[in-house]
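The following report describes one protein chain, from its overall form down to selected residues. Please consult the sequence and the model shown here while reading.

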Amino acid sequence: TKNLRSFIIMIEKISVSIKDIANFSVLLFLFLFTFTLLGLELFANKVKFNDSGEVDLINGKSFRPSFDDFFKSFITIFMVLIGDNWPQYMYKHMIAVGDFSAFFFVFLQVFGKYVLLNLFLAILLENFEDIDDDKI
């Protein structure tokens with residue numbers, strides 16, 4: 001029964017955290033949406049390479065994670081945030097568009113991963129820190 005009581009307390013804490021996590025999810029979606037639109041504005045149809053690896057905006061093809069339409073841009077931002085080979089995407093954009101694209105990707109990494117992740121962890125820690133040992 002001691003383990004069951006601690007499990008019930010943990011479920012209660014999770015249910016209290018859901019409201020804060022919902023607010024965080026809205027913030028995360030706004031962040032993803034903003035960077036998606038910014039990526040569309042900066043890089044849409046500007047990163048195309050031919051078969052020999054040279055920039056060719058007329059006959060070239062975009063690689064899979066690109067900013068050519070809204071859906072691909074949203075997926076690309078998500079892939080960069082989770083760390084799925086983001087330096088390769090950044091280098092391809094630097095070759096095609098210029099060195100300023102590095103600022104976009106680095107700012108996305110710093111703000112997206114570190115600030116938003118720490119905010120999420122702070123929400124969880126705040127809701128779980130006041131578990132009393134005498135209740136367990």
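How many aromatic pairs does the count come to by the ring-centre rule? The count comes to 17 aromatic pairs, where rings of Phe, Tyr and Trp (its six-membered ring) pair if their centres lie within 6.5 Å.

## Basis of the model

This is a predicted model, in which local features need pLDDT of at least 70 and side-chain atom pairs count only at pLDDT 80 or more, while totals for chains, interfaces and linings use all residues. Residues are numbered from 1 along each chain as its sequence is written, and side-chain values use heavy atoms, with hydrogens and water left out.

The pLDDT, the predictor's confidence in each residue on a scale from 0 to 100, averages 83 over the protein chain, and 93% of the residues score at least 70. Where pLDDT is low, the predicted coordinates should not be read in detail.

## Overall architecture

The protein chain has four helices and zero strands; helices (H or I, at least four residues) and strands (E, at least two) are DSSP runs, numbered from the N terminus. Along the sequence, the pattern is α-α-α-α. The radius of gyration of the protein chain is 21 Å, well over the 14 Å that the globule rule gives for 136 residues, so the chain is more spread out than a compact globule. Here the radius is taken over C-alpha atoms, and the globule rule is 2.2 Å times the number of residues to the power 0.38. Along the principal axes, the C-alpha atoms fill a box of roughly 70 × 25 × 25 Å.

Of the 136 residues in the protein chain, 29% are buried; buried means under 20% relative accessible area, exposed over 50%, and partly exposed in between (1.4 Å probe, protein chains only). The accessible surface of the protein chain is about 8,900 Å², and 65% of this surface belongs to carbon and sulfur atoms; the areas come from the Shrake-Rupley method with a 1.4 Å probe, and for residues only the protein chains shown count as cover. Contacts (heavy atoms within 4.5 Å) between residues at least 6 apart in sequence join residues at least 24 apart in 68% of cases.

Helix α4 covers residues 101–128, and its 28 residues should span 40 Å at 1.5 Å a residue; the end C-alpha atoms are 40 Å apart, which agrees. The expected span is 1.5 Å times one less than the number of residues. The buried residues of α4 include Ser101, Ala102, Leu108, Gln109, Gly112 and Leu116. Valine 115 also belongs to helix α4, but at 41% relative accessibility this residue counts as partly exposed. Valine 115 lies 85 residues from leucine 30 in sequence and 14 Å from it in space, C-alpha to C-alpha.

One aromatic cluster is formed by Phe31, Phe35, Phe43, Phe67, Phe100, Phe104, Phe105, Phe107 and Phe111. Phenylalanine 105, placed in helix α4, is buried with a relative accessible area of 0%. Leaving aside residues up to four places away in sequence, phenylalanine 105 touches Phe43, Phe67, Val80, Trp86, Tyr89, Met90 and His93. Phenylalanine 105 and isoleucine 14, by contrast, are 91 residues apart in sequence and 33 Å apart in space, C-alpha to C-alpha.

The 13 residues of α2 should span 18 Å at 1.5 Å a residue, in agreement with the 18 Å between the end C-alpha atoms. Ser73, Thr76, Ile77, Met79, Val80 and Leu81 are the buried residues of α2.

Threonine 36, found in helix α1, is buried with a relative accessible area of 0%. Beyond residues up to four places away in sequence, threonine 36 touches Phe70, Ser73, Phe74 and Ile77. Serine 66 is placed in the loop between α1 (2–43) and α2 (70–82) and counts as buried at 3% relative accessibility.

## Loop residues with positive phi

Asparagine 45 lies in the loop between α1 and α2 and has a positive phi of about 60° although it is not a glycine. At 41% relative accessibility, asparagine 45 counts as partly exposed.

Glycine 83, which follows α2, has a positive phi near 85°. Asparagine 85, in the loop between α2 and α3 (86–96), has a positive phi near 60° and counts as partly exposed at 40% relative accessibility.

Terms used: Rings of Phe, Tyr and Trp (its six-membered ring) pair if their centres lie within 6.5 Å; planes under 30 degrees apart count as stacked, over 60 as edge-to-face and the rest as tilted.
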